[in-house]
Amino acid sequence: MAGLLKRSAETVLDRGGAVRGFVNMGRDQTLPYRMKRHMEYHTSGTYWLMHYYANPKTSGVLMSQLKLDPRVIRCNVVKVTDKLNEMVTVGESV
C-alpha cells in the first residue's frame, strides 16, 4: 500500500503538481458488491484519498497508471474547485 501511495504522489510531483495529503478511509472494508478487476473477483478493499493540485493532463496520467496497477480495483478523480485560491485557507501557503 505504501508503494502505491508513494508512486501516486511522485506522479503528481514529477509533473509540477503538489500533494496536499492522504486520508486512509479504512482497510479491508467489504465492497458494496463483488467487483472484477485484472481477471480476479474482489469482495473487500482499502479506501484512500489523495488531495492534490495539478493540471488536468496530470490527472489523466495518474488515472492511467492507477488503472493499470493490479493493486487497484477502482479509481476516480473528483474536481473540488476551479481556482486554487478557493481551496487554500487563509494563512496557508501553496
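How many nonpolar, polar and charged residues are in the lining of the largest pocket? By class, 25 are nonpolar, 9 polar and 7 charged. Here Ala, Val, Leu, Ile, Met, Phe, Trp, Tyr, Cys and Pro count as nonpolar, Asp, Glu, Lys and Arg as charged, and the others, Gly among them, as polar.

Before we go on, a word on the model. It is a predicted one, in which local features need pLDDT of at least 70 and side-chain atom pairs count only at pLDDT 80 or more, while totals for chains, interfaces and linings use all residues. Residues are numbered from 1 along each chain as its sequence is written, and side-chain values use heavy atoms, leaving out hydrogens and water.

Back to the pocket. On a 1 Å grid over the protein atoms alone, a pocket is an open set of points with protein on both sides within 12 Å along at least five of seven lines, a cavity is a set where a 1.4 Å probe fits but cannot get out, and lining residues have an atom within 4 Å of a point. The largest pocket holds about 1,400 Å³ of space. Leu-49, Met-50, Asn-76, Val-77 and Val-78 are the closest to its centre among the 41 lining residues. Strand β2 gives the largest share of this lining, 10 residues. Helices (H or I, at least four residues) and strands (E, at least two) are DSSP runs, numbered from the N terminus.

Now look for the cavity. The structure holds 1 cavity of 30 Å³ or more, a volume being the space filled by probe spheres set on the grid points, which are joined across faces, edges and corners. Its lining is made of Leu-4, Arg-7, Ser-8, Thr-11, Leu-62, Gln-65, Leu-66 and Asp-69. The elements giving two or more residues to this lining are α1 and α2 (56-68), and α1 supplies the largest share, 4 residues.

Two of these lining residues deserve a visit. Ser-8 sits in helix α1 (residues 2-14) and is buried (under 20% relative accessible area, with a 1.4 Å probe and protein chains only), because its relative accessible area is 3%. A polar atom of the Ser-8 side chain lies 2.9 Å from the backbone oxygen of Leu-4.

Leu-62 belongs to helix α2, and it too counts as buried, at 4% relative accessibility. Although 54 residues separate Leu-62 from Ser-8 in sequence, their C-alpha atoms are 6.8 Å apart in space. Leaving aside residues up to four places away in sequence, Leu-62 touches Ser-8, Thr-11, Val-12, Met-50 and Tyr-52, where contact means heavy atoms within 4.5 Å.

Note on methods
Buried < 20%, exposed > 50% of the residue type's maximum accessible area, 1.4 Å probe, protein only. Polar contact = N/O pair within 3.5 Å; in protein donor to acceptor, adjacent residues only side chain to side chain.
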